[in-house]
Amino acid sequence: MSLGLSHIAVKRALVRALGILVGVLILPSPLWAQVVGEKTDRPPSEGRYLYRSVPDIPIRSEPVGMTLLSALWRERPLLLTLVFTRCAGVCSPMLRSLKAAAASVGGAGRDYRILVLSFDPRDTLSDMAELADHVGVAGDPAWIFGVASAEDIARIVRATGFWFEWEAASRQYDHPAMIIGIREGRIMRFLIGGAIAPVRLNEVIRELRGEFVPAYPLPRKVLFRCFQYDPASGRWAPDWGLLLLLLPGMVTILGTIWLFRRESAHRLSAEALRSREDVPGASDPGSRR
Amino acid sequence: MSPVAVFRLFLGLAIVVAVVFLLVARSTQRVREVDYKAAGQARKVFFFTLTGVLTAFLGITLPRMPYPREGVIPDRVVHVVGKQFAFAISETPIETDAQWEEVTSFAPPVRIPVGSLVEFRVTSFDVNHGFSVYSPQGQLLAQTQAMPGYVNRLRLRLNEPGRYTVLCLEFCGSAHHRMRGVFFVE
Amino acid sequence: MADQVVVSPVWSGVEQQRWRRLTATWMLVMLLLFPVLLLLGAFMRIVQANWLPTLLPEWFYAVMTLHGLGMVGTWFVGAMAAVSYVLTQYVRPSRAISWGTLAATVLGVLLLLVTTLVGRFGVGWYFLYPLPFYPAGVWPNWATWMFLFSLAILGVGWTVWAVDLLRAIARSYSLRVALAWHYIRGRTEPEVPPAVLITTVSLISALAGFLAAVIILVLSVLEWAGTGFTNDALLMKNLIFFFGHVLVNITMYLGVVLVYDVLPRYSARPWKTNRMVAIAWNTVLFLVLFAYFHHLYMDFVQPQWVQVLGQVASYFISVPAAVVTIFSALVLVYGASMRWTLSSILMYLGVMGWAIGGVAAVIDSTIAVNLRFHNTLWVPAHFHTYYLMGVVLMLLGFAAHFGQEVSQQSENGRLTKIITALFVIGGYGFLLMFYLGGAHSVPRRYAVYPQEVLQGVDYARIALGFIALLFLGVVLYLWETGRRCLLAFRTSP
């Protein structure tokens, strides 16, 4: 007796099921993604990753095509950020904020470039092109949008303190908003958060350019400082403390001049009265010893 | 120039000074008139020689200032926080008293690969301390101040493997002499 | 303002005797404090030699504070008193103010004794902020307050004294004349004695230093009184080192005033101001305000141009000292019909000590060298050379000269030779141990030497042998000179 299904139909169903199983198992599927990187409650700490080397991975981008990361950072410093195009959260706002800050600070394309990589294996180059368009930087030579293999992305993630985790409930990746300043393949600074202040960006770009700030005063409520560092201009401006330091010298010089002037009246009158021969019994200073 | 060599230079110069003073003192045994013109000439020579030597040493030594140069990227960063009476030395930043306690009490010493250019970021949570690095042979290699409210950046290339001691070099209270830290280069 | 013609003051016999007694009192105070403070220093070396292993280290640091402040203060007041006396040849300082300062000094010293020896207050002589506020359980609150108060008393007394002496000079000389600017222009009239020139330079610098100390005290009190503000550690460090550097340097210069005045009397040759002397001391007035940056080389947060300025100023300030004063002192003595007495020998040796200390100082003021010498024993090595074998010998030489003058007693030539030998061998041997310590990376201000720098213990032990010789020389000197100074108080002049 037959079940009403032809053996061909059963075969097709089996093949389809097998295909789905294989696809689910082998193809990079969000359903199977674990946390990549070290997930922390606190934002990634720049101090831990400072000066560490960034893995030199191959990336694909338009219009450059296939290139190594090192080829890019050798040309000029990079601001690297990791996003995914289906992001309903912070990715686009962060990129827009970065675009605005970069426009305000200047030097994009000349002093540094911005590399936006996707950590989502589903993202293609055309997805990235759409994202670039969406942010409003399509065609801008300062911005590079690219993709890389999952293993290579994982290497970058582990080397920089970034992390991402698939959340089934929202069907989104959970991840920090973070931009990594890279110079000569080494991590120089982080910018954490979705809102990029031009002042902070300026600081990072200065360090990427190789400018060195030997001091960093820690934020403290302090009475008088000698100098205040203005991150916007990168210059040290004198503060009230410097005046206090110069005060002793200045006041003393002025005070001395005043003292001598005050005494000049006495000097003149003493000279007018002076007559050494008229004072009896007094000794000549020279003969005192 | 090693400190001992500097000491030898100083000793040599001090002996020269002493000999000059001795000879001048002995010259009083035979009274004579001073040839002020010759003395004036000698003084001129002394002036130009001294100024020349000082300028030369300025030229030689100023480029060797220990302040970090622009454009050089160190291999790693080590964070140091001084507080009465220990140094917390760690590759992760130390931002609170609790972290300082943890690092000084529990953390294993930092281990640095030999030949690295290390940047020490040094600060203090209380008074001025002096972060100094002593080589495995007990020679002072470099130092910087640990000042509250500021971070000093000292860069050092560590070419010799071994145990490095950190001693406090700015008087900081009753246990100043016991204040120390350690790290390893391997 | 035209250059004033200067006329020297005329003193009656009674006034002269009063000046002698005032100066004798100061000399005796100086000569009393010196051995006490020296013994405190010896105590420090004994602790470092590990001969008091059960002693709590906080006692070392309290004694260190007292020894440092005591010595800096003692030689400053001694120099001021001696210079005031020398200047009575030319100007009229106020004796009343000098006595007042003596009272303030005695009070300040007593308070300091209590603060350190009872309160165990141990912050080092230059009380680097914010250490006074971090006792680590050692000294009580009242000790901090008493310390600030004693500094205030000393500061007020010494500032008033310095202002009075400057006023006395201003009464007789215009500022341009006192600074001998006309000599630079090639004129030698009116004649300005080197003592007046150098003292003017020193007092202006000293007052700037005291003003910095006032600012430090005010800022410290503001914070300590609980206003909620914290002071900037870098600003405070700059102020403190400016104050300290200037104070010890002008003490040196005041000692040099004595050499310019007294040494020529023994060589029967004059030492007058000329164009070169005028240029030299005006240069010093300028450079002494910037040289202090050499104390902050290891504060990498200071702007780099300031560090370079520090090295340049520190290097070139040695030029006027060496080329003008020290060279001239040698020319003064060379082939002279020299009366070698305790006074002239000590002063001559003092100049030599100044020269040697200067070499060590210039070396350490090289930033690249300072990286490895800063806060090692090299630092006390060079400043003890400047002080003990420099300004102290100059002042002891003056006191011996003064003692001779008031007592009119002939000198014991044999004792002079013994005292000289003990000072030289004891003093330079003691210093050598510091220099060796610095060369071998031994830190300064350590009560106990850790394992890495145990050679410090050996150096301390050897140093004590030399200190014993030095102390013997000091005792003999005190016997000779102290006796003579006391004769200033006999009723018939």
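**View 1. The interface of chain B and chain C.** In this predicted model, chain B and chain C bury about 6,900 Å² between them, 71% of it on carbon and sulfur atoms, where buried area is the accessible area (1.4 Å probe) that two parts lose on being put together, summed over both. B:Phe21, B:Arg43 and B:Phe171 supply 12% of the area that chain B buries against chain C, more than any other three residues. In terms of contacts (heavy atoms within 4.5 Å), 75 residues of chain B meet 86 residues of chain C.

View 2. On the side of chain B that touches chain C, at least two residues each come from helix 1 (3-27), helix 2 (36-61), strand 6 (140-146), strand 7 (152-157) and strand 8 (162-168) of chain B, helices (H or I, at least four residues) and strands (E, at least two) being DSSP runs numbered from the N terminus. Helix 1 of chain B gives the largest share, 15 residues.

**View 3. The interface of chain A and chain B.** Here 23 residues from chain A and 22 residues from chain B take part in the contact, and the area buried is about 2,000 Å², of which carbon and sulfur atoms give 52%. A:Arg186 forms a salt bridge with B:Asp75, the closest N and O atoms lying 3.3 Å apart. Helix 2 (46-49) and strand 9 (186-192) of chain A are the elements that give two or more residues to the side of chain A that touches chain B.

**View 4. Salt bridges within chain B.** The side chains of B:Glu91 and B:Arg76 meet in a salt bridge (3.0 Å, N to O). B:Glu91 lies in the loop between strand 2 (86-90) and helix 3 (97-105) of chain B and B:Arg76 in strand 1 (residues 76-83), so the pair ties together parts that are 15 residues apart in sequence. B:Arg155 and B:Glu119 form another salt bridge, with a closest N to O distance of 2.7 Å, and because B:Arg155 lies in strand 7 and B:Glu119 in strand 4 (residues 117-124) of chain B, this pair ties together parts 36 residues apart in sequence. Both B:Arg155 and B:Glu119 are buried (under 20% relative accessible area, with exposed over 50% and partly exposed in between; 1.4 Å probe, protein chains only).

**View 5. A buried salt bridge in chain C.** C:Lys237 forms a salt bridge with C:Asp299, the closest N and O atoms being 2.7 Å apart, and both residues are buried. Chain C has 16 helices and 0 strands.

Local features need pLDDT of at least 70 and side-chain atom pairs count only at pLDDT 80 or more, whereas totals for chains, interfaces and linings use all residues. Residues are numbered from 1 along each chain as its sequence is written, chains are lettered from A and ligands numbered from 1 in the order in which they are written, and side-chain values use heavy atoms, with hydrogens and water left out.

How values were computed:
Salt bridge = Lys/Arg side-chain N within 4 Å of Asp/Glu carboxyl O.
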